[in-house]
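Open the model in your viewer and keep the selection tool at hand. Each stop below says what to select and what is there.

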Amino acid sequence: MTRSAKPHLQGWGRFGGTRTTLLRCSSASEVRSRVAAGKLIARGRGRAYGDSAVSAEQTLLTAGLSKFIAFDVHAGELVAEAGVSLEDIVATCLPRGWFPRVTPGTKHVTLGGMIAADVHGKNHHIDGSMVNCVNWLDLMLPTGETLRCSHSENATLFHDTVGGMGLTGIILRASVSLRSVESGWIRTRTVVAPHFRAALDAFESNAAAPYSVAWIDCVRRGSALGRSLVYLGEHAPQSALTAEQQRDRFAMSPRRCLVVPFTPPVSLLNPLSITAFNTLYFHRGKQATAPRLTGWDPYFYPLDAVRGWNRLYGRRGFVQFQAVLPLDTAERGMEALLHTIAAARSASFLAVLKRMGPGRSEGISFPMAGYTLALDFPATAKAIALVTQLHCLTQQHGGRVYLAKDALLSAPELEAMDPRVAPFKARRLANGSAAHFQSLQSERLSL
Amino acid sequence: MSKPSVLILGGTSDIGQAIAHTFASRGFAVVLAARESARLEATAADLAIRHDTPVSVLECDATDPEAAVRLFEELPALPDVAVCVVGTMPDQSASEADPALATQVLRSNFEGPARLMEAFGSRFARRGSGTLIGVSSVAGLRGRASNYIYGSAKAGFTAYLSGLRNRMHPRGVHVMTVLPGFVATRMTAHLTLPSALTAQPPQVAGAVYVGFTKKRNTVYTLPVWRLIMLVIRAIPEPLFKRLSL
């Protein structure tokens, strides 16, 4: 493919961005010639919210690296090119009894993107993040040389790459371990938490639940501050399925999708609509706490049912804030964050709270043992000021920010939050990747 | 019950691979054949994994007069469906400057594909069943200054398919002609194509599969092409020769 264009490119939040030269590739040798031609950053499905996968120079679309290479159906080990989507991985592997060990909240991501962001899911407190299921990956270096990296081989580069936001090289292919499942159905149960502390208690007392995540109401203040619905889930055994579910054992029948056909001039998600939604949602959720079976698609990927939901925020786009606070400061710190958010009255439509398991001392990946909170706001001046305040609180409480969501952090803020960043930068300078693999985000954060 | 099978002649082409995916996703076993079969290995693995179906790879140079004979020696069984996506499209001016290249264009787009289809047609007729699908081109519907070497080869292939269909019909074998119009593939990557008139390879494959199940005679990928070519063919020659097309 020789076509290139120079369109304005943004992240999923449709905020910021830049004009970039788009490059395509469909083989490792094409990637090599792209890498030889100048500075670039890889981009999968463009689901990073901010500017992680946008470069002012060249942006390499990996969609053409879309081949499955090997699938060991007995061991549950999959080898695939980096541009293969999670959607295709589930469609291919689940009917044969295998599900991804780690999945983010959308299936419209690529394998390479999942590795670069070291994504986590609702099971992070038990199974960890992407790094825990990648057996190895092949990375193309600035020299055009391909290096196999794993927990035991080129381990430093492996840890820098998993969670390294594409800044160490181009991930060409990877081997991942999958989870054996008896069905595609998830047994879910809801715990109602009338305030924030009750939500934390629900997480701690249900630590054995394979999946857990909370929807949190960030509008309520006072005694109902942080009221939540904590969703617990586990893969349902075949014996738990009804006769009808048995016929669709892996819940593969397609789901109806809504489409947001155009971008409204202003955000449809505003404090008024969100407050109304939250009230309805909380009370509806309170009434439906009994265990029930849900298909994997609506359970793991509820927002995928609304194609182009990112347009609901209007032309200005939106920004995400996701931070994790360590266990010892989580309660105090989260309350401070929630107070600040509720007081700002910049309502967030999607607010998600989750207990995380341990992270890594190597690399710059996001997870750490503690609690993570994710929110998004229409990209107004007020919301941007609020996010800056939240960054400050995160840092004060020893937490850090998820780079796959970030569009606003500054270089000094990042360095102050994360002692792993300075050595990461030094390694990038030393191995030549700093001069070669750059995104708007890496430049903003001086990574 | 064993799976139905499809043979893709020209398996390295983007359209051929898209057709392979579509048939494989509908439960077909796949045989991919192309000149450099080593280039097919990765595609074959991908097809087999994604669709949980047997996929094999054969070497086949359509311009070799012995190609069909060799294929029949190597094919484990006669396929139910044979799709020919063989063809090349070098720049018209290059074909004008180099008679050897022009000959190659005629061979790879007409002579080779027709010879292959002929061989499969005879075997299918003897069996009394099967479908032959030939991917030709709208460029064959009228010769234009900008692309007439390729166009005339495709015109020959289209006429050939029409005749074969006529001959095969009473023998229980269906022949389908595919005229894809503009398609965004590696073959056309250097051209600037109008997006409203340009299909993606999976769209072509979807149209081919629907045409196959409905036993269509001629399939255009985007319906607008039927209209465009109706107009282009209706222009009187005295006027047409003055146009820059």
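**Stop 1: Thr329(A)**

Select Thr329(A): leaving aside its neighbours within four places in sequence, Thr329(A) is in contact with Met334(A) and His397(A). Contact means heavy atoms within 4.5 Å. This is a predicted model, where local features need pLDDT of at least 70, side-chain atom pairs count only at pLDDT 80 or more, and totals for chains, interfaces and linings use all residues. Residues are numbered from 1 along each chain as its sequence is written, chains are lettered from A and ligands numbered from 1 in the order in which they are written, and side-chain values use heavy atoms, with hydrogens and water left out.

Thr329(A) sits in helix H10 of chain A. Helices (H or I, at least four residues) and strands (E, at least two) are DSSP runs, numbered from the N terminus. Thr329(A) is buried, at 12% relative accessible area. Buried means under 20% relative accessible area, exposed over 50%, partly exposed in between (1.4 Å probe, protein chains only).

**Stop 2: H10(A) against H11(A)**

Now select residues 327-344 and 381-396 of chain A, helices H10 and H11. They pack at an angle of about 165°, with their axes 10 Å apart. That makes H10(A) roughly antiparallel to H11(A). Angles under 35 degrees count as roughly parallel, over 145 as roughly antiparallel, 65 to 115 as roughly perpendicular and the rest as oblique. Axes are lines fitted to C-alpha atoms, for helices over the stretch in contact, and angles run from 0 to 180 degrees between N-to-C directions.

Show side chains next. From H10(A), pick Ala336(A), Leu337(A), Thr340(A), Ile341(A) and Ala344(A). They meet Lys382(A), Leu386(A), Gln389(A), Leu390(A), Leu393(A) and Thr394(A) in H11(A). By class, this contact of H10(A) with H11(A) has 7 nonpolar, 3 polar and 1 charged residues.

**Stop 3: salt bridges**

Select Asp52(B) and Arg96(A): their side chains meet in a salt bridge at 3.8 Å, N to O. Asp52(B) lies in the loop between helix H2 (41-51) and strand S3 (55-59) of chain B, and Arg96(A) in the loop between helix H2 (86-93) and strand S8 (98-100) of chain A, so the pair joins two chains. Asp52(B) is partly exposed at 46%; Arg96(A) is partly exposed at 22%.

Move to Lys425(A) and Glu415(A), whose closest N and O atoms are 2.7 Å apart in a salt bridge. Lys425(A) is in helix H13 (residues 421-431) of chain A and Glu415(A) in helix H12 (residues 411-417) of chain A, 10 residues apart. Lys425(A) is buried at 19%, whereas Glu415(A) is partly exposed at 36%.

In chain B, select Glu118(B) and Arg167(B), a salt bridge of 2.9 Å, N to O. Glu118(B) belongs to helix H5 (residues 99-127) and Arg167(B) to helix H6 (residues 148-168), so the pair ties together parts 49 residues apart in sequence.

Then pick Asp51(A), Asp406(A) and Arg444(A), linked in a network of salt bridges.

**Stop 4: Arg316(A)**

Finish at Arg316(A), in the loop between strand S17 (306-307) and strand S18 (318-326) of chain A. Arg316(A) is exposed, at 55% relative accessible area. Leaving aside its neighbours within four places in sequence, Arg316(A) is in contact with Arg14(A), Phe15(A), Ala379(A) and Thr380(A).

Note on methods: Nonpolar A, V, L, I, M, F, W, Y, C, P; charged D, E, K, R; others polar. Salt bridge = Lys/Arg side-chain N within 4 Å of Asp/Glu carboxyl O.
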